[in-house]
Amino acid sequence: PLRRQRQMCIRDRWKKWLDNGAAEIIMPAAAQKIRKDMAPLGGKTRILQMRHLFTDKNDGKRSASNPLPIEANDRLLVPGYKDPDLLELRRDAPTASRHSQHLLLLVAASKQCRHWRISSSDVGGAFLKGDRQQRVLYAEPPRAWSGPCLPRVPPRALIKLTKGVFGLNDAPRLWWTRLRGFLLANGCRQSRVDPSLFVYEVNGKLEGLLATHVDDLSLIHI
């Protein structure tokens with residue numbers, strides 16, 4: 001049963017990569033040429049070895065009085081510390097300061113906004129939804145991917161990384177720029193004091209505040 005759970009997790013994670021356009025499959029013939037071109041680069045190769053990170057979702061909830069079964073979880077990732085562009089990458093991704101969080105709650109508690117709603121959200125697979133990579137980077141599928149457990153990836157294929165997948169150091173930045181662009185395009189104004197705080201106004205009237213923290217959003221609105 002545990003093996004089956006892992007296989008299902010792998011399929012689900014890989015489907016999310018493809019659904020979000022975070023990866024492209026390079027078929028064996030083209031992949032062979034890429035490997036040949038990269039071979040002289042040695043440690044500077046642009047092909048990273050993809051890995052699995054298997055965890056137990058119930059690990060933190062299990063106790064003597066709550067003996068939960070193992071619930072397998074899998075995350076596909078690449079070793080970002082081997083990224084050939086590591087020292088040149090821009091990696092900053094602003095997160096809400098304590099002052100911005102307090103401001104949001106103070107506005108929500110004020111008389112004028114007492115009928116406003118306080119909401120929070122967690123964006124699933126946020127890094128896979130970020131902006132596209134502006135550089136060329138590939139990954140070798142883990143050996144565990146051989147066989148039918150990963151659809152559409154034949155032996156000796158390569159994966160072209162097109163977004164900030166898990167493990168890459170610029171993944172938070174690419175997600176942040178995508179989120180900021182979306183908010184600005186939809187009428188929000190970015191705070192000059194805290195770049196992770198966004199203000200939404202209609203005809204000069206405040207109608208919402210939103211604070212971002214990686215893939216977690218806190219907001220108050222009418």
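Visitor: Which residue lies over the face of Phe 166?

Guide: Happy to start there, keeping in mind that this is a predicted model. A charge counts as over a ring if CZ of Arg is within 6 Å of the ring centre and within 35 degrees of the ring normal. At 4.3 Å from the centre of the Phe 166 ring, the residue over its face is Arg 75.

Visitor: How many aromatic pairs does a search of the whole structure find?

Guide: Ring centres have to lie within 6.5 Å to pair. With that cut-off, the search of the whole structure gives 3.

Visitor: Are the rings of Trp 14 and Trp 17 stacked, edge-to-face or tilted?

Guide: Planes under 30 degrees apart count as stacked and over 60 as edge-to-face. The centres of Trp 14 and Trp 17 are 6.1 Å apart and their planes stand at 40°, so this pair is tilted.

Visitor: Where do Trp 14 and Trp 17 lie?

Guide: Both residues are buried. They sit 3 residues apart, about one turn of the helix, and the element that holds them is helix 1 (residues 2-19).

Visitor: What parts does the pair of Trp 176 and Phe 198 tie together?

Guide: These rings are also a tilted pair, with centres 6.0 Å apart and planes at 50°. Trp 176 counts as buried at 4% relative accessibility, and Phe 198 does at 1%. The parts are 22 residues apart in sequence: helix 4 (residues 171-185) and strand 9 (residues 197-202).

Definitions and conventions:
Residues are numbered from 1 along each chain as its sequence is written. This is a predicted model: local features need pLDDT of at least 70, side-chain atom pairs count only at pLDDT 80 or more; totals for chains, interfaces and linings use all residues. Side-chain values use heavy atoms; hydrogens and water are left out. Helices (H or I, at least four residues) and strands (E, at least two) are DSSP runs, numbered from the N terminus. Buried means under 20% relative accessible area, exposed over 50%, partly exposed in between (1.4 Å probe, protein chains only).
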